[in-house]
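I opened the model today to look up a few packing details. My notes follow in the order I took them.

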Amino acid sequence: MADTDPTGTNINQPSQRTEDQGQSRREQRSETRRNQTYKAFLRNLMVIGSMNEEEAERAAVSVLCVLEQRLFGEEVAHLEAQLPGKLQDLLIRCERHVGKPASKFGRNGFIQMVSEDLDVDSLEAERKIRAVFTAVRDQVSEGEIEDVIGQLPHDLRDLWQRTI
């Protein structure tokens, strides 16, 4: 016979409320980790690119959205899988590449798209691109870096590989 409290509730089984509270705490810890990894990525980008937090976030989303327009096959998913979850969420909402096939463009096209998106001149766009690429390289595995490089034309590889 099960042990019960005065209300008739079995005291040997965890209550639904306790389970819900445990789930809620796990979700809170998970969200905290997502926020921490995202903030660490942004802090790194802010230092590399001498930007404030808002500029860093806008630059990261713009540059990565354009990069995703250039990558073919499963490479976008592989790259995103190694980025902070909150950054992945921002990229999912990037309207320029959703549902569109990858397209071929080089360094000048890349810089132009970022320049127009961020409303900065091409020199500033290139500086921000280099900063984002450097921060991304700090975030992802060496193998993923090589996979991305393998899909880029020579002039764009130079932009990806050169540090700020």
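**Helix α2 against helix α5**

I started with a helix pair. Helix α2 (residues 53–70) packs on helix α5 (residues 107–118) at an angle of about 145°, and the axes lie 10 Å apart. I keep in mind that this is a predicted model. I noted both values because two packed helices are described by the angle between their axes and the distance between the axes. Next I checked the hand: α2 and α5 cross in a right-handed sense.

Which residues meet between α2 and α5? From α2 I listed Arg58, Ala59, Ser62, Val63, Val66, Leu67 and Gln69. From α5 I listed Phe110, Met113, Val114, Asp117 and Leu118. By type, the residues of this contact are eight nonpolar, two polar and two charged.

I looked at valine 63, which sits in helix α2. Is valine 63 buried or exposed? Its relative accessibility is 0%, so it counts as buried; the cut-off for buried is under 20%. I then listed its contacts, skipping neighbours within four places in sequence. Valine 63 touches Phe110, Val114, Lys128, Ile129, Val132 and Phe133. Phe110 and Val114 belong to α5. I also took a C-alpha distance: valine 63 and alanine 131 are 9.7 Å apart in space and 68 residues apart in sequence.

Valine 61 is also in helix α2. With neighbours within four places in sequence left aside, valine 61 contacts Leu87, Leu90 and Leu91. From valine 61 to valine 132 I read 9.2 Å, C-alpha to C-alpha, across 71 residues of sequence.

**Helix α6**

I checked the length of helix α6 (residues 122–139) next. Its 18 residues should span 26 Å at 1.5 Å a residue, and the end C-alpha atoms are 25 Å apart, so the two agree. At the start of α6, a side-chain oxygen of aspartate 121 comes to within 3.1 Å of the backbone nitrogen of leucine 123.

Which residues of α6 are buried? I wrote down Ala125, Glu126, Lys128, Ile129, Arg130, Ala131, Val132, Phe133, Thr134, Ala135, Val136 and Arg137. Charged side chains are on that list, including Glu126 and Arg130.

I followed up arginine 130, which lies in helix α6. It has 7% relative accessibility and therefore counts as buried. What joins the side chains of arginine 130 and glutamate 126? I found a polar contact of 2.6 Å.

I finished with backbone angles. Most residues other than glycine have a negative phi, so I looked for exceptions.

Serine 50 is one of them: its phi is positive, about 50°, although it is not a glycine. Serine 50 lies in the loop between α1 (16–49) and α2. Its relative accessibility is 63%, so it counts as exposed.

Aspartate 119 is another case, with a positive phi near 55°. This aspartate lies in the loop between α5 and α6. Is aspartate 119 buried or exposed? Its relative accessible area is 71%, so I logged aspartate 119 as exposed.

Note on methods: Residues are numbered from 1 along each chain as its sequence is written. This is a predicted model: local features need pLDDT of at least 70, side-chain atom pairs count only at pLDDT 80 or more; totals for chains, interfaces and linings use all residues. Side-chain values use heavy atoms; hydrogens and water are left out. Axes are lines fitted to C-alpha atoms, for helices over the stretch in contact, and angles run from 0 to 180 degrees between N-to-C directions. Helices (H or I, at least four residues) and strands (E, at least two) are DSSP runs, numbered from the N terminus. A crossing is left-handed if the near helix is turned anticlockwise from the far one by less than a right angle, and right-handed if clockwise. Contact means heavy atoms within 4.5 Å. The expected span of a helix is 1.5 Å times one less than its number of residues. Buried means under 20% relative accessible area, exposed over 50%, partly exposed in between (1.4 Å probe, protein chains only). A polar contact is a pair of N or O atoms within 3.5 Å; within protein, one must be able to donate a hydrogen and the other to accept it, and residues adjacent in sequence count only if both atoms are side-chain atoms.
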